[in-house]
Protein chains: 6
Amino acid sequence: MTDILRADGRTNDQLRPVTIERGWSDQAEGSALISFGRTKVLATASFTNGVPRWMAGKGKGWVTAEYSMLPRSTNSRMDRESVKGRIGGRTHEISRLIGRSLRAVVDMKALGENTIVIDCDVLQADGGTRTAAITGAYVALADALEWGREKKFIAQKAQPLTDSVAAVSVGIIAGVPMLDLAYTEDVRAETDMNVVVTGRGKFIEVQGTAEGAPFDRSELDSLLDLALGGAITLTELQKTTLGR
Amino acid sequence: MTDILRADGRTNDQLRPVTIERGWSDQAEGSALISFGRTKVLATASFTNGVPRWMAGKGKGWVTAEYSMLPRSTNSRMDRESVKGRIGGRTHEISRLIGRSLRAVVDMKALGENTIVIDCDVLQADGGTRTAAITGAYVALADALEWGREKKFIAQKAQPLTDSVAAVSVGIIAGVPMLDLAYTEDVRAETDMNVVVTGRGKFIEVQGTAEGAPFDRSELDSLLDLALGGAITLTELQKTTLGR
Amino acid sequence: MTDILRADGRTNDQLRPVTIERGWSDQAEGSALISFGRTKVLATASFTNGVPRWMAGKGKGWVTAEYSMLPRSTNSRMDRESVKGRIGGRTHEISRLIGRSLRAVVDMKALGENTIVIDCDVLQADGGTRTAAITGAYVALADALEWGREKKFIAQKAQPLTDSVAAVSVGIIAGVPMLDLAYTEDVRAETDMNVVVTGRGKFIEVQGTAEGAPFDRSELDSLLDLALGGAITLTELQKTTLGR
Amino acid sequence: MTDILRADGRTNDQLRPVTIERGWSDQAEGSALISFGRTKVLATASFTNGVPRWMAGKGKGWVTAEYSMLPRSTNSRMDRESVKGRIGGRTHEISRLIGRSLRAVVDMKALGENTIVIDCDVLQADGGTRTAAITGAYVALADALEWGREKKFIAQKAQPLTDSVAAVSVGIIAGVPMLDLAYTEDVRAETDMNVVVTGRGKFIEVQGTAEGAPFDRSELDSLLDLALGGAITLTELQKTTLGR
Amino acid sequence: MTDILRADGRTNDQLRPVTIERGWSDQAEGSALISFGRTKVLATASFTNGVPRWMAGKGKGWVTAEYSMLPRSTNSRMDRESVKGRIGGRTHEISRLIGRSLRAVVDMKALGENTIVIDCDVLQADGGTRTAAITGAYVALADALEWGREKKFIAQKAQPLTDSVAAVSVGIIAGVPMLDLAYTEDVRAETDMNVVVTGRGKFIEVQGTAEGAPFDRSELDSLLDLALGGAITLTELQKTTLGR
Amino acid sequence: MTDILRADGRTNDQLRPVTIERGWSDQAEGSALISFGRTKVLATASFTNGVPRWMAGKGKGWVTAEYSMLPRSTNSRMDRESVKGRIGGRTHEISRLIGRSLRAVVDMKALGENTIVIDCDVLQADGGTRTAAITGAYVALADALEWGREKKFIAQKAQPLTDSVAAVSVGIIAGVPMLDLAYTEDVRAETDMNVVVTGRGKFIEVQGTAEGAPFDRSELDSLLDLALGGAITLTELQKTTLGR
């Protein structure tokens with residue numbers, strides 16, 4: 001691994017300072033305000049007893065997610081999607097990614113006929129908002145499940161969580177693979193990859209995109225190594241935050 | 001003034017604890033995170049040199065505002081307006097109110113051909129979100145104007161702010177006029193009034209609505225007295241926050 | 001009260017000629033074509049036995065309203081909101097105001113499980129359309145309620161109307177408070193206020209807005225005096241029209 | 001022609017009472033409130049000097065139309081298209097028909113670079129709203145053109161109108177062809193046809209639809225005969241109304 | 001009939017080469033890829049047992065249609081209606097025409113409580129897409145009905161089809177009536193007419209529009225003659241294709 | 001590689017029969033109808049001289065793509081996105097993927113100020129529609145670029161294509177990695193991966209998703225091996241089709 005110092009002094013395999021403020025919201029059944037450097041995402045988990053009508057009677061629950069950015073979370077103001085009257089492709093894509101990532105660690109039978117909606121709202125954006133969202137959403141989800149158990153909507157012996165989940169971005173800048181890109185790094189990256197990993201180190205999602213030059217097999221391997229390393233740290237932080 | 005203690009122990013003419021965190025955002029030209037008790041609103045002010053084409057060439061600026069609530073800012077989750085594909089009447093109404101209230105203290109000639117967009121996003125809601133938004137937005141606006149002056153987009157001698165502006169809700173519960181209603185109070189109120197007041201104590205907006213029994217002239221007078229009293233406190237806090 | 005003659009020769013405390021054509025529509029259960037000078041609004045009340053599913057079984061009814069302007073009701077043509085695909089903030093705001101104002105004089109228990117939708121369509125606009133709409137809508141509402149009683153959807157002894165309701169605009173022009181502003185007056189007004197008053201002289205809504213200079217307490221008092229005076233005349237006209 | 005009396009006592013080749021109130025609107029450059037029995041349509045013509053950017057510089061004008069029904073123009077209330085957020089197929093179809101019909105009698109070169117928008121709003125509906133709209137719209141159009149000439153937007157010698165245009169519905173009920181169907185007749189008709197005819201008796205549009213049994217050539221001929229007869233009466237009324 | 005050769009060498013009463021590829025789709029219950037010269041339309045018929053809730057319990061079925069053009073079916077690319085977020089008037093109009101035309105030959109009682117949705121997607125457009133769509137849709141519909149009979153959703157003795165249906169365009173170019181206009185002919189036509197005819201030679205729809213000069217009664221007659229002639233050929237082709 | 005025969009008799013590393021019909025459209029500058037077994041996608045490339053205003057003057061071109069499915073391309077009919085009034089997340093996601101994949105092999109400077117829009121419409125769907133779309137779109141793109149060169153919109157010496165691009169899906173079913181999943185295989189897959197590869201064998205996109213169990217590093221490696229193998233075959237077919 002080359003060892004060039006980055007703009008903020010990090011090594012290539014180093015995460016930005018990550019903090020998770022558990023239970024930020026007084027309203028939601030589970031919540032977390034997560035920061036990856038200047039990136040700040042508020043994740044809330046809303047627990048509802050029951051499922052949509054088309055799912056009822058199968059003894060299974062549902063977990064879904066919505067992602068959005070505040071209009072001035074970014075360096076220049078974006079128009080609100082509510083004002084434009086339609087949700088953009090990027091928003092849809094990320095909402096779907098977060099939902100799939102969380103569902104991958106939930107046993108829907110064990111959840112029972114309950115619905116959890118995760119809202120990930122980016123309060124401030126500096127790269128890696130989708131991976132921060134997934135990492136924080138897991139904490140909110142875990143607390144909402146605990147709430148459901150306390151309220152007896154989930155059976156005492158049920159184990160809805162089959163694993164934990166964390167996510168991190170990696171990329172290649174000037175030919176060098178790097179972990180956890182900040183925004184100024186992200187715009188320069190030739191390849192950008194988001195990796196979603198379980199607490200046991202298996203992949204849920206691998207999404208690599210060549211923004212500039214296509215990448216070869218060995219570059220892909222380096223990126224996966226970096227991502228798996230970062231995921232271990234994030235998994236540890238989640239455990240500490242949740243007191244497990 | 002009757003002196004019944006309220007659920008949180010306040011007297012009828014007492015505000016909830018109000019805090020303003022100035023400069024919360026690293027991205028916006030001006031920003032404030034304001035809390036009225038559990039109500040938390042993030043106000044950001046985005047300064048752009050220039051005005052929309054239809055306004056150009058008149059030597060005047062423009063100030064506008066958008067209000068929105070995070071889906072789980074409230075006790076039960078609301079659908080996102082971006083997902084529904086349309087903005088509701090209440091959102092429109094409040095965005096317009098905030099915009100009018102801020103414009104009332106801005107001299108558009110002194111602002112020059114610059115545009116300021118204020119975004120007020122409710123992170124947590126417990127009554128009084130629109131009045132908290134206006135009160136916080138003034139702080140964000142003041143800082144964005146200062147930024148514009150430093151960047152020389154606003155003339156050094158220009159005084160775009162003609163006054164300060166703050167807002168507060170009042171209402172009648174069980175026949176008793178009260179200041180700054182929390183959500184549980186608001187739903188019980190017979191009359192609900194939002195009052196927007198300048199630093200010099202004049203009215204910008206008076207919006208009183210009978211939710212239950214119509215109100216008479218003397219009740220209206222009591223509500224206005226309470227509101228003017230609360231506005232003095234908020235004006236002081238704004239001054240302190242801005243170091244003026 | 002200063003006594004300057006206005007463009008149309010009225011004194012400051014004088015309404016424009018107001019006429020109400022009751023039962024204008026052959027289709028609706030109640031209707032009125034109301035004119036305030038050149039402002040003409042068609043109000044129809046549609047009575048439906050039953051309520052929306054989410055309200056059923058509570059023994060209560062519902063009253064709601066929609067406001068709209070014909071595209072060439074105004075001096076220059078406006079785009080249709082149906083063509084734009086979205087309803088503007090002003091339309092939403094006024095529809096909600098009309099609905100709240102009417103509900104304030106209806107006892108929903110006495111109405112029983114019936115729904116009344118009031119449509120207020122501005123055929124020609126010359127200021128004061130929302131207050132004309134409320135004043136005319138009351139007549140349409142009263143007739144629709146009578147229709148419901150005749151059809152036995154409302155109990156014979158029930159008294160769904162608790163009072164009557166009328167509305168009028170007032171404003172300050174060149175420092176002088178005036179009653180019932182025509183369009184050319186409205187655009188010059190420093191302060192614009194809409195006041196909704198019951199037949200017994202109590203307030204349902206007070207919505208005052210400083211368009212130019214903020215207003216003080218004594219100006220507010222003068223405006224309320226004018227509005228209450230105008231409301232008395234409108235209430236009388238409603239009674240005469242309804243033959244009560 | 002069979003001579004069965006209809007519900008309202010008309011013969012099969014008789015129009016309902018038709019009235020045209022020219023200049024109904026104080027705002028529009030041309031307007032007419034037309035009634036065919038209980039069907040009432042307000043047509044306004046808005047004249048604008050200039051054409052949309054994509055048409056500019058060709059020395060030609062443009063005429064377009066929009067049709068809409070008030071929600072309670074009909075026997076049971078319809079939802080507003082502005083509230084639904086989309087215009088239905090029927091509305092689109094009729095707006096296009098009115099626009100084509102009017103353009104067929106306008107010489108766009110003689111109109112010059114001016115735009116006329118015709119709004120046809122159905123205040124009360126009892127069958128034949130689209131044909132009433134076309135017939136009334138012609139009167140509004142003629143007056144708007146005269147206005148344009150007076151204001152010198154149209155050259156003094158130019159003759160933008162090449163002919164007049166009127167429209168009427170015909171249909172087959174229980175095997176009998178009839179002129180100008182009222183709503184209760186329209187719903188029973190096996191075939192429904194709208195015919196748009198110039199003052200000189202030529203066809204602009206022939207739109208025949210079998211709602212029940214298909215129709216044969218001789219039935220088509222009878223319907224066309226009836227329509228041409230009705231159009232002569234309408235053309236005369238237009239001339240009288242316009243004082244030509 | 002004048003006998004000028006057209007751009008593609010056809011006589012005025014000659015159709016372009018018409019082919020129908022029955023059963024083009026592996027997915028739909030009935031389908032046909034129809035070509036009129038370079039115009040290619042894929043019609044699929046989707047059979048569903050049951051009807052929408054508001055129709056249930058009446059023992060009747062429903063047939064509806066949707067028409068759309070691929071964005072580059074035409075000579076220059078059109079924006080997608082899905083991207084624009086709204087369906088245009090022309091699309092609505094044609095979808096409704098196709099639906100009405102097909103319903104005119106279906107006995108809804110004999111169909112029983114089954115729903116058939118016909119999708120007509122224009123893969124390549126060269127004039128006459130709506131008439132090609134109707135002609136092809138009939139073949140798809142016939143096969144879907146057969147499928148419904150085989151699956152026992154339709155009673156064995158029921159005869160849902162009361163007749164066949166075909167459609168063709170005709171028009172007047174330089175004063176000469178012509179059959180089946182290609183796109184380059186269509187844009188030059190003074191009058192454009194779409195005629196929908198049953199297998200027995202009766203009219204379902206006659207839609208004639210003067211694009212340039214209005215047309216008189218004898219021109220209308222010539223156009224109807226041409227259309228009826230073309231329809232006979234199309235009806236024969238449909239029979240052959242269906243092996244009837 | 002395990003060698004279980006699949007439903008259609010293929011081995012795990014075998015593609016379905018793939019055909020490309022180049023120049024299917026008479027209208028588009030480039031086009032291809034590609035089939036992967038029963039999956040059929042029509043790709044058209046629309047070449048426009050010039051770029052959107054915001055890109056003008058930089059000497060660079062633009063390539064974008066839109067993906068859509070015909071409503072009855074699938075086994076059960078889907079509602080049209082144009083009718084729903086909004087594009088779904090999946091459609092957005094795939095349109096963006098196709099666009100990125102094609103841009104990765106285009107030198108925008110060499111393209112010059114020209115725009116190419118690729119439309120990929122799924123006529124029939126049986127799994128792998130997005131990868132078929134990319135593979136076919138490359139052929140349409142290559143022909144549109146050739147057209148642009150012939151029309152002199154692209155400089156004679158310019159080489160806008162830096163490489164070719166093909167795409168294929170791979171997945172894990174019952175623990176066994178397989179190439180090119182048909183729909184019935186896709187729904188059973190635990191992991192689903194789409195891989196976009198250049199003619200030189202480098203990656204443009206790697207999108208792997210665990211639908212059931214998370215996947216480990218060695219499974220990821222097997223999938224990438226299969227995908228690279230399939231891509232070689234597709235690249236050969238593209239070359240043959242284009243006669244290169």
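The structure is a predicted model, and the values given here are computed from it. Between chain E and chain F, about 3,000 Å² of area is buried, and 14 salt bridges are counted between the two chains.

**Extent of the contact between chain E and chain F**
- Chain E brings 34 residues to the contact, while chain F brings 35 residues.
- Of the area buried between these two chains, carbon and sulfur atoms give 46%.
- On the chain E side, the residues that lose the most area to chain F are E:Q27, E:R72 and E:R80, which together make up 26% of what that side buries.

**Polar and charged pairs**
- Besides the 14 salt bridges, there are 22 residue pairs in polar contact between chain E and chain F, counted where both residues are at pLDDT 80 or more.
- One of the salt bridges joins F:R72 to E:E29, with their closest N and O atoms 2.7 Å apart.

**The side of chain E that touches chain F**
- The elements of chain E that give two or more residues to this side are β3 (39-49), β4 (62-69), α1 (81-84) and β5 (114-124).
- The largest share, six residues, comes from β5(E).
- Sorted by class, this side has twelve nonpolar, eleven polar and eleven charged residues.

**A recorded domain in chain A**
- An unreviewed UniProt entry lists "domain: Exoribonuclease phosphorolytic" for residues 14-144 and 164-228 of chain A.
- Residues 14-144 of chain A are 30% helix and 32% strand, and the end C-alpha atoms of this stretch are 31 Å apart.
- Residues 164-228 of chain A are 25% helix and 45% strand, with the end C-alpha atoms 14 Å apart.

Technical notes: Residues numbered from 1 in each chain as written. Chains lettered and ligands numbered in written order. Predicted model: local features only at pLDDT ≥ 70, side-chain atom pairs only at ≥ 80, totals over all residues. Heavy atoms only, no water. Contact = heavy atoms within 4.5 Å. Buried area = accessible area lost by both parts, 1.4 Å probe. Salt bridge = Lys/Arg side-chain N within 4 Å of Asp/Glu carboxyl O. Polar contact = N/O pair within 3.5 Å; in protein donor to acceptor, adjacent residues only side chain to side chain. Helix = DSSP H or I, 4+ residues; strand = E, 2+ residues; numbered from the N terminus. Nonpolar A, V, L, I, M, F, W, Y, C, P; charged D, E, K, R; others polar. UniProt positions renumbered as here; feature names shortened; annotations may be inferred.
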